[in-house]
Amino acid sequence: MPAPTAKATDTSAETSDVPQPSCRRTAAHALTIVRDGVITGEGPTTRGRIHFSRALDADDAAWCARILTVSAVDHQPVSRAEVEALFEISDAATERTDDGRFDDLLAKAVAHHAASESGLPVPPRTVALSPDTDIESWAPTQAAKIDTEVLEWLASQMRGKRRINHRLTALVATLIGAAALPLAQLPGMLDMGML
């Protein structure tokens, strides 16, 4: 009989090594623990289940969602540190078995951060990051509304990525206005292979 799976909602001693986020800083730290589990296949977020190194599965995506939506941070915008930790998780995972849940979560977290940093209203995380909420229902759709520094940071995060997150790429192309940019400027913003 296989070992029981440690679910992201488990609060037993098996998961006590993962801090319960109390602020955005501790949420970003908890995401680095998930990243380490993805890289090594070991650690508190992989206990009680078979987990291969460099693999991201549905339980890893659930860990990230749980960390990002705990009540202590639900009404705060997603921070840059949290988004950067998500990008690190994405980069670390060479194999995906999460049915696209992590890519959806990453795109929504990026949009939440970009909108809030630009002074735009954002819904609570439990709404914005939910797999049942369409990103188009709340995310900004025009680059003119997003702060230039945020767009530059986002473009730098997207540059040179091995794995293409089509949902995030579409969002970034919409925000940056890829269709409006002269073709000569586009490679500086995004790698051509991502479009």
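This is a short talk on how one predicted protein model is put together.

Hi everyone, and thanks for coming. Please keep in mind throughout that we are looking at a predicted model. Let's begin with the overall layout. The secondary structure comes to eight helices and two strands. If you walk along the sequence, the order is α-β-α-α-β-α-α-α-α-α. The protein has 195 residues, and 49% of them count as buried. How much of the contact in this protein comes from residues 24 or more positions apart? Taking the contacts with a separation of 6 or more, such residues account for 71%.

Helix α3 covers residues 80-92. Which residues of α3 are buried? They are E82, V83, A85, L86, F87, I89, S90 and A92.

So how do α1 and α3 sit relative to each other, parallel or antiparallel? Their axes come within 8 Å and cross at roughly 5°. Angles under 35 degrees count as roughly parallel, and that makes α1 roughly parallel to α3. On the α1 side, the residues that meet α3 are R24, A27, A28, L31, T32, V34, R35, V38 and I39. On the α3 side, their partners are A81, E82, A85, L86, E88, I89 and A92. Sorted by class, this contact has 11 nonpolar, one polar and four charged residues. Notice that E82, A85, L86, I89 and A92 of α3 take part in this contact, and these residues are buried as well.

Let's move on to charges. Side chains of opposite charge can pair when their charged atoms come close. The structure holds 10 salt bridges. One of its partners is D59, with the closest N and O atoms 3.7 Å apart. D59 lies in helix α2, residues 58-68, while R49 is in the loop between α1 and β1, so this pair ties together parts that are 10 residues apart in sequence. Both D59 and R49 are buried.

R49 also forms a salt bridge with D60, and there the closest N and O atoms are 2.9 Å apart. D60 lies in helix α2 too, so its pair with R49 ties together parts that are 11 residues apart in sequence. Like R49, D60 is buried.

Another salt bridge joins R96 and D103, where the closest N and O atoms are 2.9 Å apart. Are these two residues buried or exposed? R96 has a relative accessible area of 16%, so R96 is buried. D103 comes out at 13%, so D103 is buried too.

One last stop: V70, in the loop between α2 and α3. V70 has 7% relative accessibility, so V70 counts as buried. What does V70 touch, once we leave out residues up to four places away in sequence? The answer is Q20 and P21. There is also S22, which is 48 residues from V70 along the chain, yet their C-alpha atoms are separated by 8.2 Å.

Notes
Residues are numbered from 1 along each chain as its sequence is written. This is a predicted model: local features need pLDDT of at least 70, side-chain atom pairs count only at pLDDT 80 or more; totals for chains, interfaces and linings use all residues. Side-chain values use heavy atoms; hydrogens and water are left out. A salt bridge is a side-chain nitrogen of Lys or Arg within 4 Å of a carboxyl oxygen of Asp or Glu. Helices (H or I, at least four residues) and strands (E, at least two) are DSSP runs, numbered from the N terminus. Buried means under 20% relative accessible area, exposed over 50%, partly exposed in between (1.4 Å probe, protein chains only). The expected span of a helix is 1.5 Å times one less than its number of residues. Axes are lines fitted to C-alpha atoms, for helices over the stretch in contact, and angles run from 0 to 180 degrees between N-to-C directions. Angles under 35 degrees count as roughly parallel, over 145 as roughly antiparallel, 65 to 115 as roughly perpendicular and the rest as oblique. Contact means heavy atoms within 4.5 Å. Ala, Val, Leu, Ile, Met, Phe, Trp, Tyr, Cys and Pro count as nonpolar, Asp, Glu, Lys and Arg as charged, and the others, Gly among them, as polar.
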